[in-house]
Amino acid sequence: MSDTATPTVIRREDYAPPAFLIDTVDLEFDLAPERTVVKSTLRVRRNPDAQPSAHLELMGEQLEFIGAAIDGKPYANVRAHEHGLTVENVPDAFELTLTGACAPEANTTLSGLYVSSGNFFTQCEAEGFRRITWFLDRPDVMATYTVTLRADKLAYPVLLSNGNLIAEGDLPDGRHYAKWEDPFRKPSYLFALVAGKLVALEERIQSGSGKEKLLQVWVEPHDLDKTRHAMDSLIHSIHWDEQRFGLELDLDRFMIVAVSDFNMGAMENKGLNIFNTKYVLANPETATDVDFANIEAVVGHEYFHNWTGNRVTCRDWFQLSLKEGLTVFRDQEFSAAMSGGDENEAARATKRIEDVRVLRQMQFAEDAGPMAHPVRPESYVEINNFYTMTVYEKGAEVVRMYQTLLGRDGFRKGMDLYFQRHDGQAVTCDDFRHAMADANGRDLAQFERWYSQAGTPRVSVTTSYDEGTRCYSVTLTQGYANGSPAARETQKGPLHIPFAIGLIGPDGADLPLRLEGEAAAHGTTRVLELTDTQQTFTFADVMAKPLPSLLRNFSAPVIVDYDYGNDELAFLLAHDSDAFNRWEAGQRLATRELLALAARAAAGQPLEINPALVDAFLRVLTDESLSPSFRELALMLPSETYLAEQMAESDPAAVHTARQFVRKQLATALKGEWLAAYERNVTPGAYEPTPEAAGHRGLKNLALSYLSELDDAAQAVRLATAQYDSANNMTDRSAALSALLNVQAAGGGDVARKALEDFYVRFEKEPLVIDKWFALQATQRGTAQRPTIETVRALMGHPAFNIKNPNRARSLIFSFCAANPAQFHAADGSGYAFWADQVIALDALNPQVAARLARNLELWRRFTPALRDAMRAALQRVAAEAKSRDVREIVEKALA
Ligand code: TRP
Ligand code: ZN
């Protein structure tokens with residue numbers, strides 16, 4: 001981390017190929033926590049396709065230089081400096097040996113080589129390898145690696161690296177070694193090593209072509225009872241990638257290792273994926289249904305990277321979405337398939353709804369602020385700040401649009417051509433687009449704008465029906481939502497938007513679709529291709545005025561403006577054959593109502609519930625033809641954060657008042673139905689993490705949560721207490737505790753105290769569960785007498801709190817700052833002062849994590865004036881005190 005007055009901006013247009021290439025890497029590690037010595041031997045040659053350079057400039061950070069040799073002879077013309085090592089006047093091709101040391105135990109950044117619970121781990125993406133040894137640490141330099149690990153045998157019995165184990169044995173002084181060889185060329189960011197006291201769940205399977213594969217899930221010994229689900233998820237991932245994309249596991253051995261100190265979710269190092277424990281460890285007592293689903297998704301994601309990311313990697317970090325957008329799309333499709341089979345549209349819709357919720361809540365917000373950037377950014381100061389919702393989630397939507405435009409088979413053809421052309425290469429987003437276009441004989445030139453333009457597109461829809469000609473015209477007009485200046489700068493022209501549409505007749509049934517000029521009707525959903533700023537599409541043979549079902553299955557990441565009436569939304573909610581749009585209709589209805597109520601709350605006017613909303617909810621809740629998981633999603637109100645972002649000026653207090661009011665009204669009006677839903681969805685017997693059982697639990701616990709809003713909460717307390725005491729799984733136990741906390745916050749006495757204490761004692765030895773304990777308290781509602789910040793401040797002093805552990809910091813600090821808007825945005829500015837303190841504290845320990853927290857105030861300009869001023873003051877304090885490039889980039893962009 002370094003103090004930079006004028007930050008260096010890295011620009012996409014400045015890309016130049018490396019002056020040197022490295023073909024082979026041989027690494028020898030003498031592992032010791034205080035000081036690990038690393039000897040690196042590289043076969044280097046001048047790149048024939050680059051500007052020649054006399055000197056070899058290697059990147060290196062926080063390294064102690066010990067010595068250098070060229071072709072075996074000591075070489076003195078080297079200069080170690082803050083950013084690396086200059087090897088002067090090198091020949092055209094040579095063997096370079098570099099010896100250096102790093103300090104793993106003192107490394108709190110969790111980037112490079114570090115120690116967690118006494119074991120060694122690495123994290124090299126994006127630029128962590130340079131913290132281990134000097135290197136051309138950029139993804140277009142690909143080499144084959146051999147790695148020798150030496151360490152004390154008692155303290156570090158397990159020694160792992162990428163690829164295949166080719167030798168192991170004992171050494172003098174109680175030490176031992178292991179030698180690994182990775183047959184595949186890879187960029188340095190995919191290097192990994194792990195060493196320590198670990199045990200593995202093992203499984204041998206046959207891959208599609210009949211080869212035997214060894215699968216291992218490595219954890220600390222006390223966690224072995226929580227590895228089965230991760231292993232099953234891995235096996236499912238392997239089979240799915242063979243079936244759906246014809247992609248087979250290319251190594252004899254595939255390892256997953258869990259570590260409790262980790263900056264993100266997981267990392268796809270070749271053959272040696274390293275995971276945050278949160279995305280590996282699960283058993284019914286400790287993990288919720290959501291945890292089980294997340295583990296399946298993340299295990300899939302990292303496994304799928306083996307082809308999309310590793311076999312074909314990124315030329316430079318501006319192309320990050322090439323691997324991340326594509327791999328998120330693949331993991332979404334995998335999860336959808338797992339939750340109901342490829343053919344079950346209703347089950348697939350549930351997953352789609354969840355993904356779109358995240359996109360709209362998080363990525364649309366990113367587009368509206370100072371960090372707005374295209375899926376393929378043009379510049380960055382710190383690449384770690386660009387592992388974003390836009391690169392990942394919007395990037396996945398962009399990939400999904402190819403499939404929507406080309407069909408599943410066309411998309412598969414494009415993928416096949418992509419691997420045919422680029423296996424073993426470091427390539428660009430353009431290369432991917434060209435493969436899709438060429439494999440399908442399509443012109444996708446305009447589609448490029450999805451990669452280069454930031455901001456959330458907006459499609460306005462007008463319709464007209466002509467009874468005489470029985471024609472129904474739909475006019476689509478595209479533009480952009482009122483985004484930030486950062487986004488507006490990039491907007492150059494209309495996008496190529498696949499816009500799926502259906503027409504619903506007065507009886508609620510889909511109409512067959514025939515566009516003017518077509519010979520016959522076909523299908524009931526049509527993907528219109530909007531390529532101009534404005535286009536009109538006319539449907540013929542429409543016997544009565546239909547209701548349009550717009551952007552079915554959310555066919556493009558856009559906002560749709562269409563002036564539906566409340567009764568029309570209720571009709572869509574009841575009848576649309578597109579499950580996504582049924583949900584969407586309910587959300588539109590609820591959002592409209594909640595925003596109107598928030599405006600009244602802000603103006604101090606009395607609130608009243610619209611009976612139409614109650615009626616719509618009643619119908620969904622009692623419609624037994626709908627799956628429980630769909631009903632749960634449809635009955636969940638839009639989040640406070642999402643609602644606040646829809647206001648001209650965000651007013652979290654008003655939104656909270658409105659949303660709580662609606663929750664209580666819905667609880668009261670539908671009390672009998674909630675109780676019935678609760679009873680009908682209990683899942684007796686042994687816990688099963690199946691989508692069906694999870695759906696029942698989800699709806700049951702949503703019912704409990706509504707019931708906890710009742711003025712007379714006695715019944716909710718009885719149900720929640722009984723559920724807490726008798727639960728045989730974490731989903732039910734944590735939902736019960738949450739309901740009790742809810743009643744308690746509403747002034748119902750200290751009904752949660754006992755359960756909260758019990759929860760801590762019961763799970764004291766399970767860090768991931770204690771994270772939940774912190775998070776539940778950080779996200780609880782506050783009262784005038786006891787605002788939540790006081791609880792949070794007290795918990796910061798709890799013996800189990802540890803700011804150095806990212807999961808723990810996230811469970812308390814991030815939960816409060818990002819998931820409790822009404823309390824965080826307290827009028828007295830106390831939340832912002834707390835936020836600034838924590839960003840500054842984290843900045844000195846772990847800039848990556850600090851920068852994530854720093855982003856929490858980036859939408860400050862969109863809030864009410866009083867909050868805006870307090871937020872700016874907090875940002876200015878961070879800007880004055882933070883040192884890391886990571887945090888500085890965020891707060892400086894926010895204040896600019
Ligand atoms: N490539 C990883 C993934 O998406 C994420 C990742 C990037 C990461 N940088 C990281 C993980 C740093 C941990 C730490 O799967
Ligand atoms: Zn990824």
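A polar contact is a pair of N or O atoms within 3.5 Å, where, within protein, one must be able to donate a hydrogen and the other to accept it, and residues adjacent in sequence count only if both atoms are side-chain atoms. The model shown is predicted, so that local features need pLDDT of at least 70 and side-chain atom pairs count only at pLDDT 80 or more, while totals for chains, interfaces and linings use all residues. Residues are numbered from 1 along each chain as its sequence is written, chains are lettered from A and ligands numbered from 1 in the order in which they are written, and side-chain values use heavy atoms, with hydrogens and water left out.

**View 1. Polar contacts of ligand 1.** An oxygen atom of ligand 1 lies 2.7 Å from an N or O atom in the side chain of glutamate 302, and a nitrogen atom of the ligand is 2.8 Å from an N or O atom in the side chain of glutamate 268. Lysine 323 places a polar side-chain atom 3.5 Å from a nitrogen atom of ligand 1. The protein buries 97% of the 360 Å² that ligand 1 exposes when taken alone (accessible areas by the Shrake-Rupley method with a 1.4 Å probe; for residues, only the protein chains shown count as cover).

**View 2. The shell around ligand 1.** Around ligand 1 there are 15 residues, of which Glu125, Glu268, Glu302, Glu324 and Tyr392 come nearest (a residue is near if one of its heavy atoms lies within 4 Å). At least two residues of this shell come from each of β20 (266-267), α2 (289-304) and α3 (320-338) (DSSP runs, numbered from the N terminus: helices are H or I, at least four residues, and strands are E, at least two).

View 3. Histidine 305, in the loop between α2 and β22 (313-314), and glutamate 324, in helix α3, are 19 residues apart and link distant parts of the chain.

**View 4. Two backbone details.** Glutamate 125 and alanine 126 are joined by a cis peptide bond with omega of about 0°, and alanine 126 is found in the loop between β11 (119-123) and β12 (142-152). Aspartate 71, although not a glycine, has a positive phi of about 50°.
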